[in-house]
Each structure stands twice: as C-alpha cells, then as structure tokens.
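Try each task before reading its solution.

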Amino acid sequence: MKLSICKSVGTFFLNTIFLFSGFILSSLVMACSVPTFDPAVRSQLFDADWKFNLGDIPGSATPGFDDSQWRALDLPHDWSIEDRAPKDSVLQIGPFSSESQGGGATGHVMGGIGWYRKSFTLGLDSKDKRISILFDGVYMESDVWINGKHAGFHPYGYTPFSYDITPFLNPAGQENLIAVKVMNQGKNSRWYSGSGIYRHVELITTNQVHISQWGNFVTTPEVSKEKATVKMESAIENNSGKDQQVNVVTTLLNPKGETVATDEKLERIVSGEKKIVTQNLSVAMPLLWSPVSPSLYNAVVTVKFRDATFDQMTTTFGIRSISFDAKRGFLLNGENMELKGGCMHHDNGILGAATIDRAEERRVELMKKFGYNAIRTSHNPPSRQFLEACDRLGVFVIDEAFDKWEKPKNPQDYHLFFKEWHAKDLASMILRDRNHPSVIMWSIGNEIPERADPSGLEIRSRLVATVKELDATRPVTEAICGFWDQKGRDWKDTAPSFAGLDIGGYNYQWKMYESDHELYPERVMAGTESLPKEAFENWQKVKDEPYVIGDFLWTAFDYLGESAIGHTVTGPVESKAFTLPWPWFNAYCGDIDICGFKKDQSYYRDVVWGISDLEMAVHTPIPAGEIETVSMWGWPDERQSWNWKGAEGKKMSVSVYSNYPAVRLELNGKEIGTKAVSAETKLTATFEVPYEAGELKAVGLKDTIVIGSKTLKTTGAATKIRLTPDRATINANRNDLSYVMVELTDDAGNLVPDGDLPLTFAIWGAGEAAAIGSANPSDMRSFKSPVCTTFRGRGLVIVRPTGKTGEITLTAKASGLGIETTRIVVK
C-alpha cells in the first residue's frame with residue numbers, strides 16, 4: 001500500500017511506507033501531520049445573534065427547546081437597565097421598580113434569572129482543533145451548557161472565565177447549541193451591577209499544541225532611554241498525545257509596526273504538559289510608555305515546527321519601568337509622578353453595565369481630558385476593553401479584585417463563594433491584565449470587614465502570595481478604612497494589615513499620614529478614597545510628602561446606585577440622611593456626571609491640581625430660615641451660572657478659586673471687592689454679591705497686575721436646540737457609538753443652564769438610539785423613551801450603528817424651539 005508523505009521525513013521514506021503485521025508506522029504519520037492555523041479565526045467575537053428570555057423556564061438548556069418566541073439580541077447585554085413590563089400595585093418607571101431587592105444601593109433596578117441561547121455551526125477546518133469559549137464577565141452566577149451538557153459554573157460577576165467545550169461539540173458541519181443561565185438574585189451588591197452577559201464573549205480555536213489562555217507574559221526588567229530588555233514568558237500546552245519539538249519565535253514590533261527584535265528558541269514540549277518558554281530580547285532606543293507618550297509595542301509569539309505553524313498570539317505591551325519607595329515616591333521611567341486619581345465603578349451610565357467598546361474608551365478619554373492620570377477600578381476587575389483604552393490613552397490603573405472576602409457586606413454577595421473561588425478569580429484577573437502597561441498596582445480588597453482580624457491577616461497573606469507568584473513586577477495594595485464598622489477598635493490595629501502590603505491604601509484617612517510615617521517611615525501610602533470636600537487637604541499631602549504617592553477621589557464619575565450619597569439639601573434643621581429615597585437612583589458624588597459633563601466641584605479640583613489657576617462658582621440661594629446640609633460625599637449647591645431670575649437684589653455667595661495671590665470680583669464693570677488667596681484660605685475667596693443680571697468677572701492679581709480672568713454672563717432665554725456629536729463619523733460596528741450632546745441655547749449660542757424643557761427625539765437610518773437621558777440624579781425615566789427633559793440645559797443621546805454603512809439622522813424638537821437635526825456618517 002502506497003501513502004504520500006511529507007518531504008521533511010527524509011529521502012529514505014520518499015516513495016513508500018509499508019504495513020507491517022497489520023499496523024502502520026503511526027509515529028511517522030503523526031510526524032507528517034501538518035497543523036493548519038489561521039490567525040483570523042483563533043479568537044472570534046461570539047456576540048451576535050443570541051436569543052434571550054428574562055425568567056427561568058425548565059428545559060432551556062436542551063437543544064430541542066423551542067426558543068422561537070425569545071428575544072433576539074447581540075451581546076454585551078444588561079437586562080437591569082431595560083424597561084420592566086407593567087405590574088399591578090408596583091411603583092415602576094422604566095427599569096426602576098419598588099420591588100428592587102437592592103433598593104437605592106443598586107439604583108432601584110431589578111435582577112432575576114435570565115437565559116441566553118445561541119446556535120452555531122463549526123466548519124470542517126475545526127476538525128481536530130481545541131475549541132474553547134471565553135466570557136469576559138457575566139453578572140452574577142452563571143451556568144453554561146453545550147448541546148445540553150453542563151460545561152461549568154462561575155459565580156463571580158467581574159472576572160473572566162473560559163471552558164474547553166471540545167468534548168461537548170457535535171462533529172464539524174453540524175449545528176451546536178450553547179445555553180447560559182444567569183442569576184442575579186437577592187441582595188448581593190452595594191452598587192449597580194447590571195445583570196446578564198454584559199461583557200464580550202469569544203470563541204477560541206487552537207491546535208492541540210498551543211499557547212495557553214493568557215499564556216504570554218511580557219515584562220521589561222531593564223529600561224533606559226538607550227536600551228530596554230524585554231522578557232517574554234510563553235506558556236505552551238501540548239495536548240496532541242505525543243511529545244513535540246517546537247520552535248518558539250518572538251518578534252517585537254514598534255508602534256509603527258516595524259520589527260525591532262526577534263528571538264527563536266527550540267523546545268521540547270512533553271505530551272500532556274505545559275511548559276514556560278522564556279526569551280529575552282533587546283530593543284535599542286525604545287519609545288517609553290508614559291501618560292504623555294503612551295507608546296505601545298506588539299510581541300508576536302509563533303509556535304511552529306519547521307514550516308508548520310501550531311499557534312500565534314500577539315500581545316500589546318509598553319516599555320516602561322515603575323518603582324515605589326517612601327523617599328522618592330512613585331517613579332515612572334525614573335521620573336517622579338503624582339497620581340491624580342479617581343475611583344470608578346464599571347457601569348456606563350444610562351447604557352447600564354454593557355461593555356460596548358466605545359463607551360469604555362470614552363470614560364477613559366473624559367478622565368484624561370479633565371485632568372486625571374489614574375483610575376482605581378473600584379471594586380472589581382474592569383473589562384479588557386477598558387484597560388486597552390487606558391493603555392492607548394496613557395492613564396494609570398489600580399486594578400482591584402474584591403470588595404469582600406469571607407465576611408459579608410450583603411447576605412447573597414461574593415462572600416458565599418470566596419473560600420472556594422478567590423484563588424481562581426484572582427489568578428484570572430492577574431493573568432488577563434498583567435501585560436497592560438497602564439496597570440501599576442494590584443489591589444486585593446476594599447474596606448474588608450476582617451481587615452485587621454487574624455483571619456484577615458491570613459487571607460491577605462495568601463492573596464499577596466498568589467499575586468506575587470503570577471506577577472512580581474507590580475506592588476500589591478489594599479484600601480483600608482477606619483473602624484467605623486467596628487466600634488472600640490483603634491487605628492493602630494491596622495498596623496499588621498499594612499505590614500502585609502507593598503503600598504498602604506488609605507480610605508479617608510489623610511489625617512493619619514504624618515503620624516503613621518513617624519512610626520513606619522518605609523511605608524508608601526496612597527489615598528485610595530477621599531472626599532470631594534477634602535480635595536485641598538489630600539492634595540497638599542501628595543505635594544508635600546513623597547511617601548504619599550497620590551490621591552483617588554470618591555468618585556471621579558457619577559454611577560448608578562448608592563443613590564444620593566452625594567446629595568445637598570436645605571431645610572429648617574440639619575439633615576441626618578445618609579442617602580435619599582426614591583426617585584433618586586444615581587450616587588451623584590462624582591466630579592463628572594453620568595452623561596460625561598463636568599460638575600461644579602470639579603472646577604475647584606482643577607485649581608487644587610494646578611490644571612487651572614482661576615475658577616468661579618455661584619451658590620444657589622438658600623431659602624430664608626433654612627440651612628444647607630451637604631452629605632459626606634456631597635458638594636455645596638454651586639453653579640457655573642449667573643442666571644438667577646427672581647433673585648434681583650438678593651445677596652449671592654460667590655466662591656472664587658485661585659492659585660493667584662489675590663482675586664478681584666467685578667459685576668458689570670464695578671468692583672465688588674479684592675481678597676487674598678493662599679493655602680490658608682484653601683485657595684478660596686468668598687464674596688457676597690447682590691444679584692444683578694449681566695457679567696460677573698473674577699480677576700486674578702499678582703502685585704496688582706491682572707494676570708487672568710474668568711467670566712459668567714447672564715444668558716437670554718432658550719430659543720434653540722444644539723446637537724453636537726462627539727464623533728460625526730463612526731464605524732459600521734455594534735461596538736462603536738456616537739455621543740450626541742444636547743444643549744439649550746439662546747440666540748447668541750450660549751448654553752442656558754436654567755431653562756430646562758422636555759425634548760422629543762427621532763432617529764432613522766443606519767443606527768438606533770442606544771440610550772437617551774440626562775444627568776438628573778432623581779429624574780427616573782425609561783432610557784429608551786424618545787422624550788427627555790434636559791438637566792441644567794443639557795441632555796445626551798447615545799447613537800449606536802446597526803452594523804450597516806450609511807447615514808444616521810437624529811432630530812430633536814421642543815415646543816417653541818423648532819427642530820434641530822444632526823447627521824452621523826457610518827462607514
């Protein structure tokens with residue numbers, strides 16, 4: 001019997017091989033088998049064409065189940081942000097319901113049980129391949145079935161997980177069925193979590209010899225402006241059933257795509273084992289990653305045998321060095337950096353928790369635009385797309401794992417699963433995220449109840465050991481608060497907790513920095529949470545003390561849930577309320593509101609951080625006989641406005657924030673007064689000004705010389721609608737978006753901040769309105785409704801392409817203002 005064989009076997013076998021005693025030389029045949037590899041199909045988005053049902057239906061996991069009446073949708077998907085069906089005797093508006101088990105903590109939205117199903121067929125080229133499915137995040141408890149067979153269970157809503165589904169698949173060319181059950185039940189979160197498969201899903205196709213999931217690890221142990229050493233560790237798996245010799249080739253590409261280094265290594269991979277292959281490459285005159293210049297390289301790792309490629313994976317990374325110590329602070333590439341940070345939850349405002357790529361990117365863009373250089377992903381790992389945006393845009397990240405360990409904060413939260421799952425979940429976070437240059441710290445917890453208990457010390461030790469085993473290049477921190485939850489305990493009890501960390505995370509404890517430094521002079525500290533009202537005090541410590549490396553505001557961005565922790569109210573007596581009830585659904589404590597617009601408190605921070613040298617705000621009039629109460633995370637009710645119709649002649653409190661030695665305030669060209677400004681006044685001068693329409697002007701002075709000014713003008717009435725897309729051309733991709741800012745303006749084009757009106761929107765063409773809303777924290781409504789009332793003159797329409805090229809037309813109209821139109825090109 002004659003069989004054709006590959007040339008590489010050698011001339012001895014060029015013509016024939018023979019059958020001996022009824023068997024073939026199987027080892028020869030295996031040596032000749034040539035794997036096929038297509039990088040285009042190694043990782044494919046698996047987001048399109050799912051079926052969804054809200055509610056638990058028996059039999060939903062079986063292939064023969066009739067899902068024809070289920071809703072068709074694309075992932076990512078968050079059902080908690082969607083409108084609820086009407087229900088008798090239940091207070092309900094859009095997605096908000098009085099039956100919400102989380103109540104104000106989760107923004108009055110609903111969880112429940114949801115099912116997802118998707119049919120798919122693999123081509124003949126998938127034969128003999130390993131097929132796995134990767135979920136970047138499902139909230140919360142999920143079970144996955146393939147063709148009716150259970151593939152696995154995953155309880156944590158924020159970590160990625162994957163299953164090898166090869167054993168469950170039908171032969172190539174036949175239809176398969178994946179079913180996913182998601183449960184978000186009980187009180188399990190302190191903030192809005194969302195529900196469902198809210199992050200991306202990928203189908204991974206590899207040969208039997210392949211690079212492990214998250215198997216490439218790039219570090220830069222030596223970095224200078226002249227030369228960098230890049231260390232690549234690749235985990236290679238061999239499931240082929242026989243030992244295999246492979247060539248591991250690593251090629252480094254600079255930001256222009258040019259090859260700057262290559263290394264090749266011959267390795268023997270034993271069958272059934274995983275081997276770490278280490279390579280060191282040298283890059284001359286590297287482009288260093290930094291916030292100013294976030295240069296990104298690609299490392300292409302190819303696993304091959306002679307001319308046959310088994311696998312190939314590209315990993316994006318940055319060349320940079322980081323170090324931390326109490327004498328020099330945080331050094332990036334040898335230069336001192338101060339972390340201007342903000343904490344950020346994972347939701348995308350009126351879109352809910354759905355991880356649409358552009359939404360993730362925009363949040364990072366806005367953070368950098370408004371002066372932040374660092375984000376703490378409170379209190380869980382973010383999406384991969386979020387970190388990719390931080391890499392591209394140059395924003396540092398504290399990547400946080402957990403909000404609780406073994407002791408609960410809510411009855412049904414992750415503490416139920418921590419013992420069994422924490423090592424797996426922490427490992428998945430580290431392995432997925434360790435190649436991101438933006439990630440400079442790992443955080444293992446936030447305000448953990450057992451933080452200073454013997455059990456907590458033991459858990460912390462295990463968590464730190466897990467991190468160090470997987471990545472020894474970054475420090476480990478944890479956000480530790482005072483003992484507000486354990487009366488009678490003293491701050492000194494935290495000493496053993498801090499001793500187990502590389503960097504001490506201080507939540508609201510800036511007053512302890514100096515005394516702790518005296519006791520522990522080698523301790524590096526960071527303000528992992530701070531209050532808006534204490535921006536000046538916190539930043540002074542960062543400026544003055546090198547051992548305090550940065551400050552992270554709670555919070556940078558408004559978010560759904562923890563309703564009204566940032567409220568301000570007036571009344572005859574001081575309010576003792578921690579939060580506010582229905583209809584509040586938004587925390588409202590951020591520098592940036594839920595639509596992405598700057599809030600008034602952020603202008604003070606601009607001056608504190610030196611982004612601006614002069615800002616001004618006007619306090620709203622407080623009714624006679626009443627006092628203002630500002631909550632712990634709140635800010636006085638100030639506005640960037642000089643529109644106060646009805647307050648003529650009444651004294652208005654005007655705050656001028658400045659880095660200049662003195663400021664002068666003028667109204668309609670007349671001087672109101674001049675005051676000195678310094679650290680003693682917390683960079684603030686306050687004036688009492690009888691209201692009169694016109695122009696209010698703050699002037700910065702140095703030695704009586706005018707060196708800066710800021711103006712607020714009374715506007716006319718709203719006469720027009722202005723629609724401004726952040727991007728007028730977008731891609732025909734469901735992961736792209738255009739954010740259209742909606743403004744009410746006067747005849748001169750000035751924003752009118754006090755004339756809010758209901759607007760009606762219409763959209764047609766190659767897109768849809770993914771969400772419509774405003775930043776009003778208590779204006780409950782459907783985010784799919786075409787009618788929305790502006791808030792302080794603004795609103796937002798988020799436009800999403802359908803996936804086809806063409807044009808999207810959006811119109812807005814209001815009584816007396818006519819119709820405004822904008823168009824977005826989809827290419």
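Predicted model: local features only at pLDDT ≥ 70, side-chain atom pairs only at ≥ 80, totals over all residues.

Residues are numbered from 1 along each chain as its sequence is written, and side-chain values use heavy atoms, with hydrogens and water left out.

**Exercise 1.** Classify the ring pair of Phe96 and Phe783.

*Solution.* Start with the cut-offs: rings of Phe, Tyr and Trp (its six-membered ring) pair if their centres lie within 6.5 Å, and planes under 30 degrees apart count as stacked, over 60 as edge-to-face and the rest as tilted. Here the centres are 6.0 Å apart and the planes stand at 80 degrees, so Phe96 and Phe783 are edge-to-face. Next, check burial (under 20% relative accessible area): Phe96 is buried at 2%, and Phe783 is buried at 4%.

**Exercise 2.** Find the charged end that sits over the ring of Tyr739.

*Solution.* The test asks for NZ of Lys or CZ of Arg within 6 Å of the ring centre and within 35 degrees of the ring normal. Arg362 is the residue over Tyr739, 3.9 Å from the ring centre.

**Exercise 3.** How do H5 and H6 run relative to each other, roughly parallel or roughly antiparallel?

*Solution.* First take the angle between the N-to-C directions of the axes, lines fitted to C-alpha atoms over the stretch in contact, on a scale from 0 to 180 degrees. Helices H5 (residues 418-433) and H6 (residues 454-470) pack at about 30 degrees, with axes 9 Å apart. Angles under 35 degrees count as roughly parallel and over 145 as roughly antiparallel, and H5 and H6 are therefore roughly parallel.

Methods:
Buried < 20%, exposed > 50% of the residue type's maximum accessible area, 1.4 Å probe, protein only. Helix = DSSP H or I, 4+ residues; strand = E, 2+ residues; numbered from the N terminus. Parallel < 35°, antiparallel > 145°, perpendicular 65-115°, else oblique.
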